[in-house]
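Me: I have a structure open and want to talk it through. Can you take my questions one at a time?

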Amino acid sequence: MEPTRILLVDDHHVLREGMRLLLERQPGFEVVGEAADGRETLALVQDQHPDVVVMDIAMPNLNGIEATRRIAEKHPGIGVVILSMHHDESYVIRALKAGAARIS
């Protein structure tokens with residue numbers, strides 16, 4: 001079985017590194033790249049064709065919600081999971097409308 005290919009997106013290097021270390025210890029996951037902003041994310045999605053993008057909301061150059069919308073529009077087979085420390089429900093609603101995955 002092929003591993004799930006994951007792209008990690010957050011403007012904080014330490015957070016990306018921590019997620020990478022956790023995911024690489026689990027069988028069935030392969031981190032195929034890291035991005036620090038939305039524009040870099042779009043380029044890596046085009047180049048790496050991940051199965052899943054783990055995305056932050058607040059980033060420079062292109063925020064996570066707009067990057068998610070563009071990924072969902074151009075690459076509907078790629079899942080986007082947004083991680084955020086925001087407690088405001090409006091962020092969740094905007095992320096879901098943009099195409100982020102709903103996980104219950």
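Me: Which residue in S4 is the bridge partner of Val52?
Reply: Gly79 is the bridge partner of Val52 in S4. Strands here are DSSP runs of E with at least two residues, helices are runs of H or I with at least four, and both are numbered from the N terminus.

Me: How many bridges do S3 and S4 pair over?
Reply: Strand S3, residues 52–56, pairs with S4 over five bridges, in the parallel sense. Two strands count as paired if DSSP finds at least two bridges between them.

Me: Before I go on, what kind of model is this?
Reply: This is a predicted model, where local features need pLDDT of at least 70, side-chain atom pairs count only at pLDDT 80 or more, and totals for chains, interfaces and linings use all residues. Residues are numbered from 1 along each chain as its sequence is written, and side-chain values use heavy atoms, leaving out hydrogens and water.

Me: OK. What is the strand order in the sheet?
Reply: The open sheet of four strands runs S2-S1-S3-S4, with parallel pairing. Strand S2 (29–35) and strand S4 (79–83) are the edges, each pairing on one side only.

Me: New topic: H3. Which of its residues are buried?
Reply: In H3, Gly64, Ile65, Ala67, Thr68 and Ile71 are buried (under 20% relative accessible area, with exposed over 50% and partly exposed in between, using a 1.4 Å probe and protein chains only). They cover an arc of only 160° around the axis, so they sit on the same side of H3; the arc is that of the directions from the helix axis to the C-beta atoms.

Me: And what is exposed on the other side?
Reply: Glu73 and Lys74 are exposed there, on the other side of H3.
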